[in-house]
Amino acid sequence: MNVITYAAEALAQSWHIFLESSVYIIFGLLAGGLLRAFLDPDAVSRHLGQGRFKSVFKAALLGIPIPLCSCGVLPAAAAMKKQGANNGATTAFLISTPESGVDSIAMTYALMDPVMTVARPVAAFAAAAAAGVAENLFTRPAPASGLSSPEASAGRQDPAIALLPPSRAKTSPSFGRKIKSGLFYAVNEIWNDMVLWFLAGLLLAGIITALTPDEFMARFLGGGMSSMLVMLVVGIPLYICATASTPVAAALILKGVSPGAALVFLLAGPATNLTSLTVILKLLGRRATAIYLAAVAVVSVLAGLAVDQVYAGLGLSARAVAGQAAELVPAWAELAGAAILIILSIRPLWRRLKALPSSLGATFKGDSGHASKTCSTGAG
């Protein structure tokens with residue numbers, strides 16, 4: 001095949017993946033927006049400062065559904081730490097949030113299968129909890145001066161109160177306004193920040209599907225420790241959000257990569273990249289950064305090996321069952337979902353294209369601060 005034929009095949013595969021995932025993406029966006037509308041981030045942050053273990057588990061669980069990438073989570077984690085969260089809870093939140101999210105979980109179900117859909121958030125929680133507990137065990141407890149306010153004391157007396165929206169004694173938005181606010185956030189924040197990376201992930205998945213021989217992937221990444229380590233080396237320095245990594249992982253599985261190796265990529269890729277590691281180094285220090293990397297690496301590999309054993313034990317072929325959930329969605333719904341996402345994508349993509357010349361100019365001038373700011377807004 002010539003270049004034009006390859007390009008056409010890659011675009012056709014990308015479009016097919018986009019159709020399969022469109023309805024699930026919309027569901028994930030809506031869920032992410034509603035989470036933002038009904039969770040009070042200040043109260044949650046204050047609630048993560050007490051206890052070496054409980055605070056870590058809460059932070060890890062909190063991060064699972066929130067759709068933020070490894071750069072977008074940084075300002076949220078910095079605010080959480082400033083408001084009283086301990087280092088372990090902050091570390092756990094920094095790991096579980098970018099590795100998972102309601103949007104990426106929904107896409108995993110659409111493009112892969114129920115086993116991977118469950119394995120992904122479970123492994124993310126395990127990595128986050130391991131890193132957070134290790135960090136708190138090596139860190140001396142800080143004085144609770146940051147939690148001495150009346151609001152924080154109320155949160156300690158009744159943990160449930162701290163996880164609710166702001167007190168009803170104050171003027172709070174109505175239920176309808178919260179719904180509207182959540183929908184606005186889903187469309188104008190989450191999708192705006194995610195769309196460019198998701199488009200890149202779709203194109204990469206199409207290229208992998210069109211150009212890579214099946215036997216090549218099956219031979220070198222078909223399972224075992226070596227496959228896990230290769231995906232770890234690829235994923236750690238790469239910047240890719242959880243949503244964008246999902247179609248890439250699905251394409252790799254269809255080409256013969258073991259589901260465990262694909263899971264390593266899904267965990268390591270979104271959780272680490274050179275930019276975020278630099279910021280984490282400044283935010284938490286060298287020891288916490290080393291624990292962060294070690295936890296992501298070790299838990300990712302162990303989870304990958306375990307997932308391959310689960311598939312083997314159940315007699316399942318990841319290639320055979322990949323994408324079956326998407327078949328439950330009728331064709332008209334897929335087309336409607338794709339049309340909605342295309343309409344929602346026009347404005348943010350146009351803004352990114354308009355800003356591209358100035359961004360490139362800043363990069364060439366060595367404006368690293370601008371680059372960090374641009375990265376920190378990503379979601380996924």
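Helix α1 passes helix α6 in a right-handed crossing, meaning that the near helix is turned clockwise from the far one by less than a right angle. The model is predicted: local features need pLDDT of at least 70 and side-chain atom pairs count only at pLDDT 80 or more, while totals for chains, interfaces and linings use all residues. Residues are numbered from 1 along each chain as its sequence is written, and side-chain values use heavy atoms, with hydrogens and water left out.

Helices (H or I, at least four residues) are DSSP runs numbered from the N terminus. Two packed helices are described by the angle between their axes and the distance between the axes. Axes are lines fitted to C-alpha atoms, for helices over the stretch in contact, and angles run from 0 to 180 degrees between N-to-C directions.

| Helix pair | Angle | Distance between axes |
|---|---|---|
| α1 (residues 3-38) and α6 (residues 102-111) | about 155° | 7 Å |
| α6 and α13 | roughly 15° | within 9 Å |

The angle makes α1 roughly antiparallel to α6, a term for angles over 145 degrees. Residues in contact have heavy atoms within 4.5 Å. On α1 they include Ile17, Tyr24, Phe27 and Leu35, and on α6 they include Val102, Met107 and Leu111. By class, this contact has 12 nonpolar, three polar and two charged residues. Ala, Val, Leu, Ile, Met, Phe, Trp, Tyr, Cys and Pro count as nonpolar, Asp, Glu, Lys and Arg as charged, and the others, Gly among them, as polar.

Helix α6 also packs on α13, and the two are roughly parallel, which is the term for angles under 35 degrees. This crossing is right-handed. Asp103, Ser104, Met107, Thr108 and Leu111 of α6 meet Ala242, Thr243, Thr246, Pro247 and Ala250 of α13. The residues of this contact divide into five nonpolar, four polar and one charged.

Helix α13 (residues 242-254) has 13 residues and reaches 19 Å from its first C-alpha to its last, close to the 18 Å expected; the expected span is 1.5 Å times one less than the number of residues. Of its 13 residues, 12 are buried, so α13 is largely enclosed by the rest of the structure. Buried means under 20% relative accessible area (1.4 Å probe, protein chains only). Just after α13, glycine 256 takes a positive phi of about 110°.

Leucine 68 lies in the loop between α3 (54-63) and α4 (73-82). Leucine 68 counts as buried, at 14% relative accessibility. Leucine 68 and methionine 194 are 126 residues apart in sequence, and their C-alpha atoms are 8.9 Å apart in space.

Technical notes
Parallel < 35°, antiparallel > 145°, perpendicular 65-115°, else oblique. Buried < 20%, exposed > 50% of the residue type's maximum accessible area, 1.4 Å probe, protein only.
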